[in-house]
2 protein chains.
Amino acid sequence: MTPHESPTADVGFAGCSALITGGLGFIGSHVARRLVGLGARVTVVDSLIPEYGGNLQNISDIAGQLRINVSDVRDPHSFRSLLAGQDYLFNLAGQTSHQDSMDNPFTDLEINCTAQLSILEACRQYNPGIRIVFASTRQIYGRPDYLPVDERHPLRPVDVNGINKLAGENYHQLYQQVYDIPTCALRLTNTYGPAMRIKDARQTFLGIWIRRLLEDEPFEVWGGAQLRDFNYVDDVVDALLLAIRHPNAEGKVFNLGSPEVVSLTALAQQLVAAHGRGGFSIRDFPAERKKIDIGDYYSDYRALAALGWQPQVSLASGLTRTLAYFREHLEHYR
Amino acid sequence: MTPHESPTADVGFAGCSALITGGLGFIGSHVARRLVGLGARVTVVDSLIPEYGGNLQNISDIAGQLRINVSDVRDPHSFRSLLAGQDYLFNLAGQTSHQDSMDNPFTDLEINCTAQLSILEACRQYNPGIRIVFASTRQIYGRPDYLPVDERHPLRPVDVNGINKLAGENYHQLYQQVYDIPTCALRLTNTYGPAMRIKDARQTFLGIWIRRLLEDEPFEVWGGAQLRDFNYVDDVVDALLLAIRHPNAEGKVFNLGSPEVVSLTALAQQLVAAHGRGGFSIRDFPAERKKIDIGDYYSDYRALAALGWQPQVSLASGLTRTLAYFREHLEHYR
């Protein structure tokens with residue numbers, strides 16, 4: 001993958017130590033690569049559970065330059081040792097599938113609530129000066145009352161995943177307020193790019209679209225009219241690196257977002273155009289998904305923009321880069 | 001205890017079956033007594049853990065008229081059987097101490113999140129028609145932006161207990177939205193009355209005040225200027241019985257509250273006056289408590305008033321009745 005640089009976000013990591021939960025996953029592996037390039041000592045923690053995002057292929061190009069620690073965030077014992085000497089914690093591990101959270105609510109609870117509390121308790125006891133950024137989600141807003149959705153929008157999650165991620169975000173806020181641990185949280189919207197999970201729709205529907213397209217099969221668009229915003233993964237890495245160090249980010253939450261808002265049908269058309277061939281069908285939402293769908297969503301991300309973040313990669317360019325990556329590495333991801 | 005009646009709330013329970021979690025506790029035992037009086041078949045579930053509110057003394061006058069099932073809501077196995085044939089679930093069990101939630105966050109999580117999800121999953125699988133009311137708390141609002149606090153106020157809990165109770169409330173909302181289980185939630189403010197925990201301040205500071213007063217010892221008021229609203233327990237029982245059956249309550253949350261708003265110092269003076277003797281000292285908040293204090297709080301409860309609920313018992317009358325009860329039964333509560 002081509003190195004990405006951000007003059008705003010990249011300062012201050014050379015010679016530092018960073019721990020990344022979910023570090024073999026989609027976003028985590030990109031954070032790891034950026035930090036390695038900046039001269040940080042990087043440890044990635046990942047359970048490598050096949051249903052989640054971890055994949056050794058994601059860091060194959062930098063495997064000799066970081067420490068890989070295979071463990072689960074639900075293991076309450078390992079973090080005392082893992083946190084020792086760390087300057088930064090990119091806390092990205094999570095259960096991300098909305099439908100899985102309804103089918104297995106206790107698993108979602110263990111990962112997105114219990115493990116988060118356990119990580120924060122370990123920070124409080126063993127490394128209270130560690131700077132933390134938590135990957136939260138726009139899912140906690142539920143169905144928007146107004147668009148674009150800013151950080152003051154009511155929080156009414158429509159699935160177990162959203163409820164538990166909200167608790168996880170709240171724990172991070174609380175440990176900053178009560179224990180002065182410098183945490184902040186980013187509410188991610190749809191993130192896409194090389195190394196995303198394309199085996200199924202557990203991380204994002206766009207993953208399965210890309211896989212079907214590359215296998216010369218039509219993909220399914222559910223609904224189609226829903227508006228969404230998308231961030232290319234390098235822009236999300238910029239945001240994480242900026243937020244974890246910015247003094248004005250401490251104890252706060254920030255939306256990510258994009259100036260490009262598209263309907264799912266328009267996105268599907270753009271994806272097919274970027275690939276140069278292929279097709280899709282439009283179908284109604286399955287009944288059990290309809291109840292946890294949020295309708296139109298896009299973010300107001302001016303609060304993070306005020307700290308210096310702007311998405312740099314257009315949707316057209318990002319989709320092209322993503323397809324190019326998976327064309328080359330498809331066998332490792334399906 | 002003298003029977004209390006509410007023409008609005010009391011209809012529809014004769015011959016029905018009701019399960020009450022936390023049913024040997026303060027509020028739970030009052031719900032049990034009311035329902036027994038109305039001719040319902042009542043089962044109370046309680047762990048009788050000494051640090052929580054359960055106390056067999058609370059139901060000693062009706063012990064032969066209900067079924068007592070000693071079990072913990074964290075036991076995921078017992079609810080299949082306990083829910084069979086039940087028409088109503090008064091879901092009142094919870095860890096209530098703010099400070100305990102900071103000292104033992106995982107215990108709070110198990111009781112206020114995991115167990116709630118487990119109870120709702122059991123309802124979904126084995127008794128999806130059961131009507132549920134959940135005892136939520138004003139603690140989920142955190143420090144008010146404005147007063148009185150209505151249900152649209154932002155939710156920014158300031159302790160682990162508030163975060164977990166919010167998740168518990170959200171689960172109840174979700175299971176109504178997705179699975180059509182008729183749930184609703186009441187956000188209780190300070191509830192007081194006979195059978196409250198007075199051994200310590202785990203349920204409410206008012207408990208320890210009363211105990212000290214009855215033991216002829218001065219009690220401590222922390223701060224003193226904070227405004228609060230109080231509900232006598234019979235009024236809370238009215239609200240629970242009304243909400244669990246009202247079709248317009250389904251899937252909704254409602255504040256409880258009172259037209260009487262008093263400072264803690266004024267409350268202390270009123271309590272001493274009601275007892276006829278005694279005294280108190282005013283001291284600064286301990287540092288570790290200050291961080292999780294919410295300042296002034298009182299509720300806008302017009303939404304529940306629109307369904308027909310109004311608190312009936314004045315603070316003066318409620319304090320007098322409470323003191324009379326504990327004067328007679330003090331040995332069972334300290």
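Colleague: What is the order of the three-strand open sheet in chain B, and what is its pairing?

Modeller: The order is β7-β9-β11 (chain B), and the pairing is mixed. From one strand to the next, the twist averages 50°. This is a predicted model: local features need pLDDT of at least 70, side-chain atom pairs count only at pLDDT 80 or more, and totals for chains, interfaces and linings use all residues. Residues are numbered from 1 along each chain as its sequence is written, while chains are lettered from A and ligands numbered from 1 in the order in which they are written.

Colleague: How do you know that strand β9 of chain B and β11(B) pair?

Modeller: Pairing requires that DSSP finds at least two bridges between two strands. Strand β9 (residues 227-232) of chain B and β11(B) have three, in the antiparallel sense. They therefore count as paired. Opposite D229(B) stands V261(B) in β11(B).

Colleague: What makes α7 of chain B a helix that packs on this sheet?

Modeller: Helix α7 (residues 233-245) of chain B touches β7 and β9 of chain B, at about 75° to β9(B). Helix α8 (264-275) of chain B touches β9 and β11 of chain B, at about 90° to β11(B). Contact means C-beta atoms, placed from the backbone, within 7 Å. Angles run from 0 to 180 degrees between N-to-C directions, with axes fitted to C-alpha atoms, for helices over the stretch in contact. Helices (H or I, at least four residues) and strands (E, at least two) are DSSP runs, numbered from the N terminus.

Colleague: Why are β3 and β10 of chain B called edge strands?

Modeller: The open sheet of seven strands runs β3-β2-β1-β4-β5-β6-β10 (chain B), with parallel pairing. β3 (67-70) and β10 (253-255) of chain B each have a single partner strand, so one side of each lacks a neighbour in the sheet. Here the twist averages 20° from one strand to the next.

Colleague: How do you know that β6 of chain B pairs with β10(B)?

Modeller: Three bridges join β6 (residues 183-188) of chain B to β10(B), in parallel. A185(B) has V253(B) as its bridge partner.

Colleague: Which elements of chain B give two or more residues to the side that touches chain A?

Modeller: In all, 22 residues of chain B contact 22 residues of chain A. The elements are α4 (105-126) and α5 (160-179) of chain B. α5(B) gives the most, nine residues. That side of chain B divides into 15 nonpolar, four polar and three charged residues. Nonpolar means Ala, Val, Leu, Ile, Met, Phe, Trp, Tyr, Cys and Pro; charged means Asp, Glu, Lys and Arg; the others, Gly among them, are polar.

Notes: Contact = placed C-beta atoms within 7 Å.
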